[in-house]
Amino acid sequence: MLKLSKPTRSGTRSLTFALPTDDLAGPTSVVGTFNDWTPGAHPLRKRSNGMASVQVTVPAGAEVTFRYLADGGCWFDDHAADAITSQGSVVRV
């Protein structure tokens, strides 16, 4: 699940990445253009609602490419994204 906030006056938006904890086999992070594809920079944290999520701030109007990186080096995409390319999931913010 992806959730976007309304644009701020400073021209940014918050983008929340969320997955059901039942779907995660271990520690998982989201990596992409917003963090220079750095593994572990944005780990998903378990929430009391059964989801694991993390929020990042990105420029409004940007196109963000990302993938999830799970324990053991398993990469996967988010089917809630606007598109999935050979580089990963794409969302336009």
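Q: Which residue in E9 stands opposite Val-64?
A: This is a predicted model, in which local features need pLDDT of at least 70 and side-chain atom pairs count only at pLDDT 80 or more, while totals for chains, interfaces and linings use all residues. Residues are numbered from 1 along each chain as its sequence is written, and side-chain values use heavy atoms, with hydrogens and water left out. Strand E6 and strand E9 (residues 88-92) pair in the antiparallel sense over four bridges, where strands (E, at least two residues) are DSSP runs numbered from the N terminus and two strands pair if DSSP finds at least two bridges between them. In this pairing, the residue of E9 that stands opposite Val-64 is Val-91.

Q: How many of the eight residues of strand E6 are buried?
A: A residue is called buried when its relative accessible area is under 20%, exposed when it is over 50%, and partly exposed in between, with a 1.4 Å probe and protein chains only. Strand E6 covers residues 63-70, and it is largely enclosed by the rest of the structure, because the number of its eight residues that are buried is six.

Q: Which residue of E6 is the bridge partner of Val-30?
A: Strand E3 (residues 28-32) and E6 run antiparallel, and five bridges join them. Within E6, the bridge partner of Val-30 is Tyr-68.

Q: Which residue takes a positive phi in the hairpin of E6 and E7?
A: E6 also runs antiparallel to strand E7 (residues 74-76), to which three bridges join it, and Leu-69 has Trp-75 as its bridge partner in E7. The hairpin of these two strands has three residues between them, and the residue that takes a positive phi, near 85 degrees, is Gly-72.

Q: Which strands stand at the edges of the open sheet, each with a single partner strand?
A: The open sheet is formed by four strands with antiparallel pairing, in the order E1-E2-E5-E4. One side of each edge strand is left without a neighbour in the sheet, because each has a single partner strand, and these edge strands are E1 (2-4) and E4 (45-46).

Q: Which residue in E2 stands opposite Leu-4?
A: E1 and strand E2 (residues 12-20) pair in the antiparallel sense over three bridges. Opposite Leu-4, the residue found in E2 is Leu-15.

Q: What distance separates the ring centres of Phe-17 and Phe-66?
A: Rings of Phe, Tyr and Trp (its six-membered ring) pair if their centres lie within 6.5 Å, and planes under 30 degrees apart count as stacked, over 60 as edge-to-face and the rest as tilted; by this rule the count comes to five aromatic pairs. The planes of Phe-17 and Phe-66 stand at 65 degrees, so the pair is edge-to-face, and the distance between the ring centres is 4.8 Å.

Q: How many residues apart in sequence are the parts that Phe-17 and Tyr-68 tie together?
A: Phe-17 and Tyr-68 are both buried. Their ring centres are 6.3 Å apart and their planes are at 90 degrees, so the pair is edge-to-face. Phe-17 lies in strand E2 and Tyr-68 in strand E6, so the separation in sequence of the parts tied together is 51 residues.

Q: What is the length of the polar contact between the side chains of Asp-77 and Arg-67?
A: Asp-77 has its place in the loop between E7 and strand E8 (83-85), and at 19% relative accessibility it counts as buried. A polar contact is a pair of N or O atoms within 3.5 Å; within protein, one must be able to donate a hydrogen and the other to accept it, and residues adjacent in sequence count only if both atoms are side-chain atoms. Between the side chains of Asp-77 and Arg-67, the polar contact has a length of 2.9 Å.

Q: How far apart in space are Ala-83 and His-42, C-alpha to C-alpha?
A: Ala-83 is found in strand E8 and is partly exposed, with a relative accessible area of 25%. Ala-83 and His-42 are 41 residues apart in sequence, and their C-alpha to C-alpha distance in space is 21 Å.
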